[in-house]
Amino acid sequence: MTATVGVQAMKRSTALRVMVVGSMPPPVGGTTVSLRQLCDFLATSTESCIVVDSSPRQSGMARALVRTARQLWRDRREVDVVSLHFSDRAAITAGPLLWLLCRFAGKPVIYRQFGGEFARTFFALPAALRWWLQHTILRSDAVLMQTKSMVECFSRISPNVHWFPTARESTSLRCQLHFAVDPTRPLRCVFVGHVRRAKGVLTAVEAVNRVARATLDIYGPLVDVDEAELTGPGIRYRSALAPANVQPTMIDYALLLFPSRYPGEGYPGTLVESAMVGLPIVVSRWQALPEMFTEDEAIFVDAGSVEQLASEIQRIADHPALLRARSEALLRRARDFDAVTVFGRFVRICNEMRSTRVVNNARRV
């Protein structure tokens with residue numbers, strides 16, 4: 001009741017109107033789920049939230065850009081702030097053009113970059129294209145980066161960079177940790193995410209097959225892995241999970257395995273969901289993943305190392321009491337990724353932009 005009253009009070013006091021531009025689900029993925037959750041939050045905490053789905057899934061990129069630009073321009077008078085939310089490819093192709101359209105419309109712009117590889121992508125571009133991005137999307141009134149390493153990198157280029165991590169709604173659900181209570185049970189491990197080689201799913205399969213007392217359930221859409229490759233005495237492929245079912249499913253497991261080597265890895269929603277319910281994590285030292293947790297909160301292994309992963313699973317199997325401390329530490333860390341905190345920060349940035357614009361307009365008059 002208190003949270004609802006707080007949101008309603010925020011809505012009455014701000015009367016903020018926001019336009020969100022980006023790819024919405026389907027398909028279900030880390031970026032589309034994150035954007036959907038932000039839009040759901042804005043729908044209850046602002047006067048209005050206009051969503052412009054820029055996904056090219058049906059019409060291709062060129063037609064999607066035209067469709068998006070047309071809707072943005074049509075609804076420009078209905079909003080105070082426009083926010084653009086893109087991954088690397090869309091940032092380069094669509095981002096600058098839509099940014100210019102917002103400027104022509106006289107609207108403040110928030111630019112949000114998904115994923116953790118944009119720095120590598122940006123500095124590999126020709127100088128002219130880097131200049132183009134630096135003088136368009138990176139000149140937005142606020143630039144939101146998913147990882148702290150990207151904030152540090154782009155703060156040298158843009159004066160308005162903010163940390164904006166992946167966020168999920170907090171929950172009262174808690175990991176049951178049955179193995180910590182009764183070590184005679186199997187050590188139930190789980191993998192959640194796109195089932196692709198770069199995400200380390202086959203590394204997880206091979207590692208679990210080396211530990212006699214461990215099992216592994218795999219959830220997610222098959223991308224470049226066949227179900228026939230997910231084999232072993234304790235290995236089961238369980239198909240994909242709806243976003244609302246991720247946390248209720250996680251609480252029945254003892255250990256999340258995430259040995260990713262995915263090039264675009266930022267702050268995966270899977271790890272945030274796991275922290276929210278206190279499910280202990282074994283994760284690879286890869287890109288920005290070590291930023292998310294300390295060594296006391298998550299167990300880190302070298303990316304691609306079956307030996308290290310199997311060794312850590314065996315260590316948990318031999319010392320189940322380790323699970324409880326990891327779980328409690330993750331629950332504390334999860335506060336950094338709480339949707340009310342992270343998305344509330346987004347609303348404050350929007351309000352600051354709107355206030356600045358009102359003051360500047362008054363000065364012109």
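Is Arg333 buried or partly exposed, and at what relative accessibility? I looked this up in what is a predicted model. Arg333 comes out at 23% relative accessibility, so I filed the residue as partly exposed.

Entry on the partner of Arg333. I found a salt bridge between Arg333 and Glu297, with 3.1 Å between the closest N and O atoms. The two residues are 36 apart in the chain and link distant parts of it: Glu297 lies in the loop between α13 (289-292) and β12 (299-302), and Arg333 belongs to helix α15 (residues 322-333). Glu297 has a relative accessible area of 9%, so I noted this residue as buried.

Entry on helix α14. I checked Arg315 and Glu312, whose side chains form a salt bridge at 2.9 Å, N to O. Both sit in α14 (residues 306-318), and because they are three residues apart, about one helical turn separates them. Glu312 is buried at 17%, whereas Arg315 is partly exposed at 32%.

Entry on other salt bridges. I read a total of 19 for the structure. One of them joins Glu206 to Arg210, the closest N and O atoms lying 3.0 Å apart. I have Arg210 as partly exposed at 44% relative accessibility, and Glu206 as partly exposed at 39%. I also noted a salt-bridge network that links Arg188, Asp217, Arg236 and Arg238.

Entry on helix α5. I listed the buried residues of α5 (residues 95-104) as Gly95, Pro96, Leu98, Trp99, Leu101 and Cys102. They pack against several elements, including β1 (17-22), α3 (61-74) and β4 (109-113). Just after α5, I found Gly106 with a positive phi of about 75°.

Note on methods
Residues numbered from 1 in each chain as written. Predicted model: local features only at pLDDT ≥ 70, side-chain atom pairs only at ≥ 80, totals over all residues. Heavy atoms only, no water. Buried < 20%, exposed > 50% of the residue type's maximum accessible area, 1.4 Å probe, protein only. Helix = DSSP H or I, 4+ residues; strand = E, 2+ residues; numbered from the N terminus. Contact = heavy atoms within 4.5 Å. Salt bridge = Lys/Arg side-chain N within 4 Å of Asp/Glu carboxyl O.
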